[in-house]
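Hi,

Here is the structure I promised to pass on to you. Please open it next to this email, and my notes follow below.

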Amino acid sequence: MTREQPGAPESVPATETATETETATETETATETYVYAVCRRLDPAALRGLAGLAAGFPVRTLPLGPLTAVVQHVPAAGFTEDAWQQRLSDRADLERCARAHHEVVTAAAACGPTVPLALATLYRGDERAQQALDADRDRFAAALARIEGHAEWGVKVSLPTTVPEAPQSVPPATPRNGGGPSGGAGRAYLERKRGLHQAREQHHDRALRTAEDIDATLSRLATATRRLRPHSPEMTGERHRLQVLNAAYLVRTVREKELLDAVELLRRRTGAEVEVSGPWVPYSFAGEV
C-alpha cells in the first residue's frame, strides 16, 4: 500500500470536488421542454394553475410564428427513456401522466382548435422545440383548419356474445346388443351440432351487419370517421357481450344533437348496446391532413 506524504489531504483536491459537485448539480437541475399541443394564439391565462407533469414548473406558451405551442419545463433526470419505460410498466403512474397531459390539452382546446401531441413529446430546450415544431408548421396549420368547429365522439357497440351453450358431450344411446350408436340417434346428434354451428355463424353475421349499419348511419353525420380495433371480452370484462364496433367520429358542433338523436334511434331499432362518449378534443383526427 502506498503511504501518503505527510500533510497530504485525505480527500480529493478541492478543485476536483467542486467540479464533480457542479456536474451533479447541473444534472439534477437540467430541464427539457415537454410539448403538450400546438394551437393558434392562446391567452397564457388559460393555462394558469395547471400542474402539468412537473410540479414547480409552470405550463406556458412558446411562440411558433403564427402558431403557439403549449409547453412545460420538466426535470431531465425524471424524463429519460428509462424513466418513461418504467412509467409504461406502471399502470397507475402512466394513467396519472395521461390525465395530466389531457388536462392541459383540454384547457388549451377550450380557447380554440388545438392539435394535441403524443404523450412524452420532449425536446432538449425551447430553441430545439421551436425548430422541430416550426418545421411542421404547415401540417399543424392544415390540421387546425380541419378540426376547427369540430369535436370527436366515440361510439362503442356491443351485442350478446354467443348463442346457446355447446351441447354436453353425452354419447348417443348404445343398443342393447352392444353395437355402435344407432343410426338415428347418431344422425340427430350430428344435426344438433351442425345446427348450433350454423346458429353461431348467423349470429356473428347479424352482429357484423348491425355494426356496419350503425357505422354507416353515424358516418353520414360526420366529417371524418376512424374505425378502431374492438375490445375483446377480456379487455371489457363483459364475458356475455361482444364489442362489434369501436369508432371515432369527427362531428361539427352544430350537428352534435343530430348524432345523439341518431344513437338513441339506433339503440331502439337494433337492440344493441350503443355507448357514446364526448365531446372530446379530436385526438384521432388532429394528425390527419
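Arginine 139 is partly exposed, with a relative accessible area of 33%, in a model that is predicted, not experimental. Partly exposed here lies between buried (under 20% relative accessible area) and exposed (over 50%), with a 1.4 Å probe and protein chains only. The partner of arginine 139 is aspartate 136: the two form a salt bridge whose closest N and O atoms are 3.6 Å apart. Aspartate 136 is partly exposed too, at 33%. By salt bridge I mean a side-chain nitrogen of Lys or Arg within 4 Å of a carboxyl oxygen of Asp or Glu.

Two notes on how to read all this. Residues are numbered from 1 along each chain as its sequence is written, and side-chain values use heavy atoms, with hydrogens and water left out. Because the model is predicted, local features need pLDDT of at least 70 and side-chain atom pairs count only at pLDDT 80 or more, while totals for chains, interfaces and linings use all residues.

How many salt bridges are there in the whole structure? The search finds 16. One of them joins the side chains of glutamate 148 and arginine 40, at 3.2 Å from N to O. Glutamate 148 sits in the loop between helix 5 (137-147) and strand 6 (150-160), and arginine 40 in the loop between strand 1 (31-39) and strand 2 (59-64), so this pair ties together parts that are 108 residues apart in sequence. Both ends are partly exposed, glutamate 148 at 42% and arginine 40 at 31%. Elsewhere, Arg87, Asp93 and Arg96 are linked in a network of salt bridges.

Glutamate 258 and arginine 255 form another salt bridge, with 3.0 Å between the closest N and O atoms. Glutamate 258 is partly exposed at 37%, as is arginine 255 at 28%.

Now to helix 8 (residues 256-270). Helices (H or I, at least four residues) and strands (E, at least two) are DSSP runs, numbered from the N terminus. Helix 8 has 15 residues and spans 21 Å from first to last C-alpha, close to the 21 Å expected at 1.5 Å a residue (that is, 1.5 Å times one less than the number of residues). Which of its residues are buried? They are Glu256, Leu259, Ala262, Val263 and Leu266. These cover an arc of only 115° around the axis, which puts them on the same side of helix 8; the arc is that of the directions from the helix axis to the C-beta atoms. Lys257, Arg268 and Arg269 are exposed on the other side. After helix 8 comes glycine 271, with a positive phi near 75°.

Next, the interior. A nonpolar core is a set of buried Ala, Val, Leu, Ile, Met, Phe, Trp, Tyr and Cys residues joined through side-chain atoms within 4.5 Å. The largest has 22 residues, and Val157, Ile214, Leu218, Leu245, Tyr249 and Val274 have the most contacts inside it. Strand 6, helix 6 (183-219), strand 8 (241-252) and helix 8 each supply at least two residues of this core. Apart from it lies another core of 21 residues, including Val59, Val74, Val105 and Ala107.

Finally, the overall picture: the protein chain has nine helices and nine strands, and buried residues make up 34% of its 289 residues.

Best wishes
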